[in-house]
Amino acid sequence: MQEELKRLKKMAVQIRRDMIEATAHGQGGGIHIGPALSAADIAAALYFKIMEVDPKEPYWPKRDRFILSKGHAYAVLYAALAEKGFFPREELLTMRAINSRLQGHPSYKKAPGVDMTSGSLGNGLGCGLGIALAMKKQGTAHRKVYVMLGDGECQEGMVWEAALAAPHFGADNLAVIIDHNHYQSCGVLDEILPLYPLEDKWKAFGWHVMEMNGHDMSDIVSKLTVAKEFSGRPVCVIAHTVKGKGISFMEHNNAWHNGRCREEQYAEAMKELDAQEAAIDAGRL
Amino acid sequence: MRTFEMEKKTTRDAFGEAVLELAREDPTVIGIGADTTSNLGMKKMAAEMPDRVYNVGIAEQNMMGMAAGLAASGYRVFGGSFAPFIAMRSLEQFRTFIAYPHLNVVMAGGMGGLSAANEGVTHQCPEDISIMRSIAGNVVAYPADTAATKAVIRALGSHEGPAYVRLGKFAFRKVFDENYKFEIGKAQVLKDGKDVAILACGAVIYRALQAADVLREEGIEAMVLDCSCIKPLDEEAVLAAAEKTGCIVTVEDSTIMGALGGAAAEVLGEHRPTPMKRVGIQDCFTESGDLDGLMDKYGLSVNDIAEAAKAVIARK
């Protein structure tokens with residue numbers, strides 16, 4: 001297990017490297033790096049431990065599904081898919097640029113591995129519910145649909161339409177992961193429109209709710225494993241995260257909601273990621 | 001002037017019946033509604049195959065999302081609600097999650113056009129066709145009666161991609177029978193004529209035919225073209241009608257901006273500038289009332305159509 005956690009932590013570092021590379025050298029302009037970094041550890045766990053997908057057959061009907069409802073974190077999805085082998089890592093530099101399969105926000109049927117169009121906030125859970133019900137009909141309900149919502153995204157009304165519907169339709173093969181990084185585009189979530197008590201709200205809507213440290217790989221794997229196996233009710237995992245996690249000057253700094261790295265920032269970020277990898281290898285992280 | 005009988009059933013009933021017929025043949029057909037499955041004639045389907053009809057509650061946006069998810073998993077989804085809640089409230093979900101990935105979802109707008117009648121402006125939707133026509137790759141149809149509705153749904157049952165179908169609240173006049181053929185992208189000549197061409201769709205087709213009768217009494221031979229498939233519009237048929245008659249009138253209980261009239265004007269303007277007039281709802285909100293009364297009051301009387309025809313003939 002320790003070796004496995006090490007492998008997953010290193011994968012999260014690699015996903016962050018890929019994203020920083022695109023943020024500095026991508027052809028598509030600015031990248032929403034902050035909200036992608038907060039989701040990197042969870043994405044590593046999903047694609048390299050929890051979910052069963054096949055890069056050779058991206059539309060394999062029996063796969064698990066992932067919908068990045070907070071589609072502005074596209075960079076983390078694209079990086080995870082590239083590392084998984086859905087397309088070459090070099091292609092990541094084309095994200096958001098003209099003629100790329102990696103659209104400005106994820107687009108179903110365009111980039112292999114993207115299970116649903118997303119990015120217009122509030123919509124992913126309803127789409128995920130539809131897929132979950134289809135899986136039940138098709139006898140693949142042992143698979144799961146994982147939908148990642150942003151915390152700010154939970155201000156959207158449609159989230160709650162779907163949250164109300166999922167338990168009613170018995171979609172216990174649906175799991176929500178909320179990337180609770182406490183920021184939204186304009187600033188601090190608690191100042192703009194607070195969500196508390198978030199856990200109680202999901203509970204009241206009939207979901208099985210868990211909380212986890214979204215940057216502690218052991219906790220992530222443990223909670224997502226429970227989510228994967230859980231039946232009877234849909235599951236909501238509130239992941240406590242840090243916007244910009246992993247790059248010191250981006251952490252808790254909403255200026256990096258969307259940005260572009262200058263060369264010195266790129267070098268500094270890569271240095272930090274190298275140090276993290278060394279620490280993981282040495283068993284210190 | 002010929003008269004047309006009022007049907008006993010609504011096009012919404014016909015929609016549900018047609019979806020059920022498809023569902024019996026095609027196991028991938030799913031019905032979905034936002035507290036509208038009964039309103040859309042799906043009651044029988046829900047009783048016969050309860051696991052294939054979802055009533056998602058009064059939550060149109062979530063209905064679109066669920067429809068997208070089901071369609072992305074291989075199902076062919078037929079759903080709907082009242083037209084303003086499909087073409088407006090949940091438009092973005094339809095556009096981004098259904099039309100953008102080009103999924104097999106047919107959404108019906110019951111109470112489209114003026115047909116919500118006494119419900120008033122909140123439930124009427126003369127804008128639906130203009131709005132839904134602007135969505136890339138989306139088929140838009142407005143059948144005239146129950147027979148036409150069944151033909152439209154049958155055609156969409158094997159169509160790849162999204163579609164919007166405008167339905168009525170109350171019964172329409174019977175214009176067609178079970179021999180009615182509907183082909184996506186095709187118009188059909190209901191009556192030939194050389195002096196003017198009247199292009200019509202949906203619930204006003206019977207009025208276009210009546211106007212042609214009135215004109216004939218005055219020695220004017222009007223062609224009447226059934227343009228119930230508004231998108232893709234049968235450009236060839238529209239241009240041929242313009243070529244033959246030299247002037248065009250469009251008729252619909254839609255806004256004159258961007259619906260059938262707009263679509264015809266686009267084609268004619270680009271390929272064959274032709275005197276034309278759009279008979280439809282002007283730049284105004286309407287009001288509650290009975291459907292016939294509203295049509296008469298808002299410029300869609302048989303006389304309005306005949307007068308429009310004479311006006312364009314004079315401009316030839």
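1. In which sense, parallel or antiparallel, do strand S8 (residues 196-200) and strand S11 (residues 248-255) of chain B pair? In this predicted model, the two strands of chain B run in the parallel sense, and four bridges join S8 to S11. One of the residues to look at is Ala200(B), whose bridge partner in S11(B) is Val251(B).

2. These two strands belong to an open sheet of five strands in chain B, with the order S7-S9-S8-S11-S12 and with mixed pairing. Strand S7 (188-191) and strand S12 (276-281) of chain B stand at its edges, and because each has a single partner strand, one side of each is left without a neighbour in the sheet. If direction is ignored, neighbouring strands of this sheet are turned against each other by 25° on average.

3. Helix H10 (residues 260-271) of chain B touches S8, S11 and S12 of chain B, and the direction of H10 makes about 145° with that of S11(B). Helix H12 (residues 302-314) of chain B likewise packs on the sheet with contacts to S8, S11 and S12 of chain B, while its direction makes about 160° with that of S12(B).

4. Chain B holds another open sheet, built from seven strands in the order S2-S1-S3-S4-S6-S5-S10, and here too the pairing is mixed. The edges are taken by S2 and strand S10 (229-231) of chain B, each with a single partner strand, so one side of each is left without a neighbour in the sheet. From one strand to the next, the twist averages 20°.

5. Met107(B) stands opposite Tyr164(B), a residue of S6(B). Helix H1 (residues 11-25) of chain B packs on this sheet, where the helix touches strand S1 (29-33), strand S3 (76-82) and S4 of chain B, and its direction makes about 165° with that of S3(B).

6. The next point is the contact between the chains, to which chain B gives 26 residues and chain A gives 25 residues. Together the two chains bury about 2,100 Å² between them, with 60% of this area on carbon and sulfur atoms. Asn62(B), Phe97(B) and Tyr100(B) supply 27% of the area that chain B buries against chain A, which is more than any other three residues.

7. What kinds of pairs cross this interface of chain B and chain A? The rule finds zero salt bridges there, but eleven residue pairs are in polar contact, both residues being at pLDDT 80 or more. On the side of chain B that touches chain A, strand S2 (53-55), helix H3 (60-72) and helix H5 (91-99) of chain B each supply at least two residues. The largest share, nine residues, comes from H3(B). By type, the residues on this side of chain B divide into 13 nonpolar, nine polar and four charged.

8. Side chains of opposite charge can pair when their charged atoms come close. One of the salt bridges joins the side chains of Asp18(A) and Arg89(A), with 3.7 Å from N to O. Asp18(A) lies in helix H1 (residues 2-25) of chain A and Arg89(A) in the loop between helix H4 (74-84) and helix H5 (124-137) of chain A, so this pair ties together parts that are 71 residues apart in sequence.

9. Most residues other than glycine have a negative phi, and most peptide bonds are trans. The peptide bond from Tyr196(A) to Pro197(A) is cis, with omega near -5°, and Pro197(A) is found in the loop between helix H7 (189-192) and helix H8 (198-204) of chain A. Lys231(B) and Pro232(B) are also joined by a cis peptide bond, with omega about -5°, and Pro232(B) sits in the loop between S10 and helix H9 (235-245) of chain B. Asn99(A), in the loop between H4 and H5 of chain A, has a positive phi, near 70°.

Technical notes
Residues numbered from 1 in each chain as written. Chains lettered and ligands numbered in written order. Heavy atoms only, no water. Pairing = 2+ DSSP bridges. Axes fitted to C-alpha atoms, helices over the stretch in contact; angles between N-to-C directions. Contact = heavy atoms within 4.5 Å. Buried area = accessible area lost by both parts, 1.4 Å probe. Salt bridge = Lys/Arg side-chain N within 4 Å of Asp/Glu carboxyl O. Polar contact = N/O pair within 3.5 Å; in protein donor to acceptor, adjacent residues only side chain to side chain. Nonpolar A, V, L, I, M, F, W, Y, C, P; charged D, E, K, R; others polar.
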